[in-house]
Amino acid sequence: MPPILNQDRPKESRAEMLARLESQASLIRQRIMTTLQAAGSGHVGGSMSCADIITALYFQVLRMDPSDPRWPDRDRFVLSKGHASAVLCPALAECGFFPRELLDTFNQLDSPFSMHPDMLKIPGADMSTGSLGHGLAIGLGMAMAARVQKRLFRAFVLMGDGELSEGSVWESAMAAAFFKVDNLIAIIDRNQFGSDCALSDLPSANALAEKWRAFGWSVREIDGHDMGQVVDALTEAPFETGRPSMIVANTVKGKGVPFAEARFDWHYHVVDQDVVDRSLAALRGAESAKEEQR
Amino acid sequence: MSMQISGLAFDPATHPRRSTRVAFGEALMELAERDLRIVALAADSARLCCTWDFNEKHPDRGFNIGIAEQNLIGMAAGMASCGLIPFACSYAPFLQSRAIEQIRNDCAYTKLPVKIMATAAGIQMGTAGSTHHATEDLAILRSIANMTVVVPADAHATYKLTFKVAEWPGPVWLRTGRDPEFVVYTDGRDFEIGKAVVLREGRDATIIACGNLVLHALLAADLLAQEGLRIGVIDMHTIKPLDREAVLKAARETGRIVTAEEHNVIGGLGGAVAEVLAQEQPTPMRMIGLNDIFASIGPTYDLMKKYGLTYEGVADTVRKFVRG
Ligand SMILES: Cc1ncc(C[n+]2csc(CCOP(=O)(O)OP(=O)(O)O)c2C)c(N)n1
C-alpha cells in the first residue's frame with residue numbers, strides 16, 4: 001500500500017489525529033533506541049527531546065512524497081542539530097523513503113546512515129548537517145529559492161538551544177527578517193542542555209522569545225511534548241505575513257526514557273541491550289497508559 | 001623505543017592504547033601548576049578536550065565558552081595579547097574551517113601565542129561522518145605564515161610535546177585524536193618541535209609519517225624487512241617548520257620517499273615534503289592519505305583499513321614502489 005501523503009490525508013477528528021501522532025511518536029522513540037543499539041552508542045538525549053516535533057513534521061505537516069524524494073515542490077526540512085540523525089532516519093524510514101531494515105547498518109562500514117545525516121546517501125534527507133550553526137542560513141536560502149522559483153514550498157529548520165551560541169545563527173536571523181521570508185519556519189528544541197553540561201553553566205542564549213522578536217521574527221512558545229501544541233504551531237505558521245516564524249519548543253532532553261531525562265551524560269551514551277530493554281519498557285508503559293486515558 | 005613492534009604480530013584488539021586527549025589534559029594540568037599564564041578555553045568541548053578538571057581546579061583561568069568556535073579563538077587571541085598563554089581546545093573539524101579567519105588574522109598575523117588543541121582530527125570520528133572529520137587541517141594551517149603545526153604520534157608524544165608547545169613562541173596547531181590511540185613510544189623520550197625522529201634507518205625507501213600513521217609505518221617496515229627490504233621510518237611530528245635536513249638525508253640515503261598521513265593527500269605532510277624535495281633534491285615519491293575524497297562512514301579502524309592507512313596498505317604501497 002502506498003503511504004498516505006500528508007498533503008492528502010483522509011479526514012480525521014482532532015482527537016484521532018493526536019492519538020495517531022502520539023503513538024507514532026512513541027514508536028519513533030523506540031526506533032531511536034533500536035537504531036542506536038545497532039550503532040552501539042549515540043545521541044540519545046537530543047534525539048528524544050525532538051521526537052514529538054519530528055513526528056508532527058513528518059506525519060502531519062510536511063508536504064512530501066516518499067516515492068519521489070527530490071520532488072521540487074516538497075517542503076524542505078533541515079536538521080540543523082544534525083547529531084539527532086537517530087530520530088530523523090527512523091522517521092524517514094517509517095514514512096516510506098527506504099526500508100526500515102536498512103537502519104540496522106547505522107554507523108557500520110559504508111552505511112548510508114550515521115551520527116549525522118548525509119543528503120547524498122539518505123533518500124528524503126534535504127541537507128547534510130553535523131556542524132552546528134549552519135542550518136538556519138541554509139533554510140533561509142531554501143525559502144528564498146521558493147520565492148525566486150515561484151514555488152509554494154516552505155523551509156523548516158530545527159536547531160538546538162546550545163547551537164544558538166554560534167554567531168552564524170544570528171546573522172541568518174537578521175537576514176531572514178530583512179528579506180521578510182515568511183515561508184521560513186524555525187524551531188528551537190529548548191532542552192536546556194548542551195554536550196558538556198546544562199546550558200545555564202555556559203554562555204548561552206536565553207530569553208529566547210524576546211530575542212527572536214527583537215530580531216524581527218514572529219514567535220510562539222510551546223510545550224514541545226504536547227502534541228496538540230506542536231501540531232498547531234507547525235500548521236498555523238507563518239504566524240504573520242512578511243515575517244519568519246520561530247517556535248520555541250520547551251522540551252526535556254532524553255524525554256521518554258526516564259533514566260536519561262535532563263542529564264548531560266545522556267547527550268551521547270552507550271546503548272546496549274539492557275538500555276534498550278529498559279527504555280522500551282518505559283516507552284511502551286507510557287504509551288499504554290495514554291491509550292487507556294484516551 | 002623499546003617495545004617490540006612487528007607487523008606480523010600486531011593485533012589491533014590487544015595492542016596497548018592511550019588517549020592523546022587525556023595525555024594533553026594531564027600535561028596542561030601540570031603546566032598550570034607552574035605557570036600562571038596558562039589558560040584553558042573550550043567550546044562546550046571541555047569533557048572531550050580533557051579540560052573539564054582544569055576548569056574545576058582553576059575556575060579563574062579555565063573557561064567553557066559555549067558552542068562558539070570563532071569566539072573561542074578570538075577570546076584566546078585577546079588573552080594572548082595581554083601576556084597569557086591560552087590553550088583553545090575544540091574539535092579539529094570546526095576549528096580548521098569555521099574559526100580559520102580568527103586563527104589567521106588574530107593569532108598568526110599577530111604572532112600571538114595562542115595554542116590550539118584540535119581534537120578528533122583526521123577520521124577519528126569515523127561514524128560521525130565527514131562534517132566531523134578533519135582531513136584538510138594540515139594543508140590549511142600549514143599555508144598560513146607564522147603558524148606551527150604539530151601532530152604527535154601517540155599519547156606519550158602528545159604529553160611531551162604539549163610542554164614544548166606551551167613554551168614555543170607564536171601560535172601552534174596541536175592535532176590530537178579521539179578514542180585511545182595505539183601506543184608507539186615506551187621509552188620516555190623527549191621531542192623537539194621542528195626536529196624529526198628517525199625511528200629506522202633505511203636503504204630502499206623511507207616512510208615519513210605523522211600521527212597515527214607512525215605506528216603503521218613501523219609495522220609496515222617490519223613486514224617488509226621479512227621480504228628483504230630495508231625501509232626507513234621517520235616520525236615527522238612537526239609539519240611546520242618542517243625538518244628539511246631529515247627529509248633530504250633520507251632522500252639521499254634511500255632514494256625513495258613515501259609520506260603517510262591521516263589527511264587528504266593534497267597539501268599536508270606529503271605536500272610539505274614534496275616542496276622540499278622538488279626544489280632541493282628531486283626524488284621519486286608516493287603519498288599515502290585520503291585520495292581527495294570525503295571518507296565513508298564506519299568505525300575508524302575499518303575506515304583506516306579501507307583507505308590503505310593501516311600497515312597492510314602502507315606496506316603495499318611501499319612494496320609496489322620499490323619493486324616497481
Ligand atoms: C560547530 C560545532 N561545534 C561543536 C559540535 C559538537 N557538538 C555536538 S552536539 C553538541 C551540543 C549541542 O547542544 P544543543 O544544540 O543544545 O543540542 P541538543 O541538546 O538538542 O542535543 C556539541 C557541542 C558540533 N557538532 N558542531
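**Burial, Packing and Backbone Geometry in a Predicted Model**

Q: In this predicted model, is B:Asn146 buried, partly exposed or exposed?
A: The relative accessibility of B:Asn146 is 35%. Buried means under 20% and exposed means over 50%. Because its value lies in between, B:Asn146 counts as partly exposed.

Q: Where does B:Asn146 lie in chain B, and what is its phi?
A: B:Asn146 lies in the loop between α6 (137–142) and β6 (148–150) of chain B. Most residues other than glycine have a negative phi. B:Asn146 is not a glycine, yet its phi is positive, at about 75 degrees.

Q: Is B:Asp44 buried or exposed, and what is its relative accessible area?
A: B:Asp44 belongs to the loop between β2 (38–42) and α2 (52–57) of chain B. This residue is not a glycine, but it has a positive phi near 50 degrees. The cut-off for a buried residue is under 20% relative accessible area. B:Asp44 is therefore buried, with a value of 5%.

Q: To which backbone atom does the side chain of B:His263 reach?
A: B:His263 is found in strand β13 (residues 257–264) of chain B, and it counts as buried at 0% relative accessibility. Leaving aside residues up to four places away in sequence, B:His263 touches several residues, including B:Thr135, B:Glu136, B:Asp137, B:Arg175 and B:Gly289. At 3.5 Å, its side chain reaches the backbone nitrogen of B:Asp137.

Q: Which residue is joined to A:Pro238 by a cis peptide bond?
A: A:Pro238 is found in the loop between α8 (227–236) and β6 (245–250) of chain A. The cis bond has an omega of about 0 degrees. The residue that it joins to A:Pro238 is A:Ala237.

Q: How many residues of helix α3 of chain A are buried?
A: Helix α3 of chain A covers residues 51–61. Its buried residues include A:Asp52, A:Thr55, A:Tyr58 and A:Gln60, as well as A:Ile53 and A:Phe59. The helix is largely enclosed by the rest of the structure, because the number of buried residues is 11 of the 11.

Q: Against which elements of chain A do the buried residues of α4(A) pack?
A: Helix α4 (residues 85–95) of chain A has 11 of its 11 residues buried, so it is largely enclosed by the rest of the structure. Among them are A:Ser85, A:Cys89, A:Pro90 and A:Glu94. Just after this helix, A:Gly96 takes a positive phi of about 105 degrees. The elements that the buried residues of α4(A) pack against are α1 (14–39), α2 (45–48), α3 and β2 (76–79).

Q: What is the radius of gyration of chain A?
A: Chain A has 9 helices and 7 strands. For its 294 residues the globule rule gives 19 Å, and the chain comes close to this, so it is as compact as a globular protein of that length. The radius of gyration of chain A is 18 Å.

Q: What percentage of the residues of chain A count as buried?
A: The accessible surface of chain A is about 11500 Å², and 54% of it belongs to carbon and sulfur atoms. Among contacts between residues at least 6 apart in sequence, 76% join residues at least 24 apart. Of the 294 residues of chain A, the share that count as buried is 57%.

Conventions: Residues are numbered from 1 along each chain as its sequence is written. Chains are lettered from A and ligands numbered from 1 in the order in which they are written. This is a predicted model: local features need pLDDT of at least 70, side-chain atom pairs count only at pLDDT 80 or more; totals for chains, interfaces and linings use all residues. Side-chain values use heavy atoms; hydrogens and water are left out. Helices (H or I, at least four residues) and strands (E, at least two) are DSSP runs, numbered from the N terminus. The radius of gyration is taken over C-alpha atoms; the globule rule is 2.2 Å times the number of residues to the power 0.38. Buried means under 20% relative accessible area, exposed over 50%, partly exposed in between (1.4 Å probe, protein chains only). Contact means heavy atoms within 4.5 Å. Accessible areas come from the Shrake-Rupley method with a 1.4 Å probe; for residues, only the protein chains shown count as cover. A polar contact is a pair of N or O atoms within 3.5 Å; within protein, one must be able to donate a hydrogen and the other to accept it, and residues adjacent in sequence count only if both atoms are side-chain atoms.
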